[in-house]
Amino acid sequence: MYSLLLYLAISLLIGYLATVIARVTGTVYIPYLVILGLIFGPVLGIFQRQEIEYLFFNYVGPIGAMFIILAESSKLSRITLRRVWKPTFTLITFVLFVTGIGVAIITIYAFKLPLWAGFGLGAILSSTDPASIIPSLKKARIKEIPSTLLITEAVFNDPFSYMMLIIVIALLLPQYLPYLESSEFTISNPIFYIILSQFVSPVLISLGMFFIAYELRQLFPTDFKSYYTEILILFGISSYTITIFFGGSGYMAVAIFGILAGNYMPKDREKQEYQEFMDKLASFVVIFVFVFLGATASLVYLRSFLLQGIIIGLALIFIIRPLTTILAVSIDRNITFQDALLIGLEGTRGVFPAILSTTFLYLGFVSKNLTLIQYGEVVQALVTIIIFLSLTVQPLMLKRIARITQKF
């Protein structure tokens, strides 16, 4: 209890320092969170790594991801979704899976990682980040179509990235799935398990939670509006928790609930207050996630895999992601080649890959499997390096790329 509060307090202090440094240097503050996390963690030893890893995987990571997805999904307009549903669908399916497979092929064949570690790394890195891309888009004043697609993709592909990771574990490490997806109900068939856990149960439960919340608003409008933010957070958390209880993807459930709440709840004045509160909460989460990412990293593995991480990161940023994106969104004639190139080059990796980075390390610790621990360290180190590279390079490129693409 006390150690958690201490770590959170130090993280907030680090967040302030990172903001000051970013303002002075005119850069993005998130990479400084990772650097300062490294300094306070493995360098100075103020953060105890074992405690931080436990808190990160069990509490800060999943709860933080839930709040970010809930906050960002509630901003998506159904009108916008109708307009861009075709390219968005290809971005969160084809681009996400091909990106994950491309990263896996590089790590397996070039760097000799085991099959499960390579595909697991690819799944973790397949997700783009709404928490970091949205501020960058606002600063650079990007056109509506690429901006809308990037934000919509970033909100949706967190659940799909998690689904890809579950598929990897279900197919290649099925004996370890119960440690990750605890459920009162077990299904041995992996295909049925994926369909039920990642789609059916999240959809049904989130629809049920929204229906109850909507009916409460209709039956008790005055009482509901006086407790608006608390009620929506309550039902968002309930969607996440109940889905997890049944072995499903809480991230998918909370994304669906957020979209429903943002589009179909009556437009009360309190709705804006709810969104402002969620934005502030998401900014707190970003600080904790990236500080904890740096604090849980191993300096030994970071040094050993620095070159490999840079190679994978550059390939992901400049080759795999742009090529697959241009191919995918070309099905929509409203998307120009210039917009597709901008979208492809700006798939920033951030919060969700950071949260999933300790997955294999956690599975190794709880199962006492030394191989999982060893390669879990490798995966976490590579994810940390690639996230840092992505958050450093891509926000700085955004405005320049936008200017170049808009000239043609």
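**Close-up views of a predicted model**

Arg 83 lies in helix α4, in a model that is predicted, so that local features need pLDDT of at least 70 and side-chain atom pairs count only at pLDDT 80 or more, while totals for chains, interfaces and linings use all residues. Residues are numbered from 1 along each chain as its sequence is written, and side-chain values use heavy atoms, with hydrogens and water left out.

**View 1. Arg 83 and Asn 334.** At 45% relative accessibility, Arg 83 counts as partly exposed, a class between buried, which is under 20% relative accessible area, and exposed, which is over 50% (1.4 Å probe, protein chains only). Arg 83 and Asn 334 are separated by 251 residues in sequence, and their C-alpha atoms are 10.0 Å apart in space. Helices here are DSSP runs of H or I with at least four residues, numbered from the N terminus.

**View 2. Helix α4 beside helix α5.** The axes of α4 (residues 78-110) and α5 (residues 115-125) come within 7 Å and cross at roughly 145°, where an axis is a line fitted to C-alpha atoms over the stretch in contact, and the angle, on a scale from 0 to 180 degrees, is taken between N-to-C directions. Contact means heavy atoms within 4.5 Å, and among the residues that make it are Gly 100, Ile 101 and Val 103 of α4, together with Leu 115, Gly 118 and Phe 119 of α5. The residues of this contact divide into nine nonpolar, four polar and no charged; Ala, Val, Leu, Ile, Met, Phe, Trp, Tyr, Cys and Pro count as nonpolar, Asp, Glu, Lys and Arg as charged, and the others, Gly among them, as polar.

**View 3. Helix α4 beside helix α15.** The axes of α4 and α15 (residues 306-329) come within 9 Å, crossing at roughly 145°. On the α4 side the contact includes Pro 87, Thr 90, Leu 91 and Phe 94, and on the α15 side it includes Ile 312, Ala 315, Leu 316 and Arg 321. By class, the residues of the contact of α4 with α15 are 14 nonpolar, six polar and one charged.

**View 4. Tyr 162 and Tyr 251.** Rings of Phe, Tyr and Trp (its six-membered ring) pair if their centres lie within 6.5 Å, and planes under 30 degrees apart count as stacked, over 60 as edge-to-face and the rest as tilted; by this rule the model has 18 aromatic pairs. Tyr 162 and Tyr 251 form one that is edge-to-face, 5.1 Å centre to centre with 80° between the planes. This pair links distant parts of the chain, since Tyr 162 is in helix α7 (residues 144-172) and Tyr 251 is in helix α12 (residues 250-264), 89 residues apart. Tyr 162 counts as buried at 8% relative accessibility, and Tyr 251 counts as buried at 6%. In helix α12, 13 of the 15 residues are buried, so the helix is largely enclosed by the rest of the structure.

**View 5. Phe 224, Tyr 228 and Glu 270.** Phe 224 and Tyr 228 form an edge-to-face aromatic pair, 5.5 Å centre to centre with 90° between the planes, and both residues are buried. Glu 270, in helix α13 (residues 270-296), counts as buried at 13% relative accessibility. Leaving aside its neighbours within four places in sequence, Glu 270 is in contact with Lys 225 and Tyr 228. The C-alpha atoms of Glu 270 and Phe 224 are separated by 9.8 Å, although these residues are 46 apart along the chain.

Methods
Helix = DSSP H or I, 4+ residues; strand = E, 2+ residues; numbered from the N terminus.
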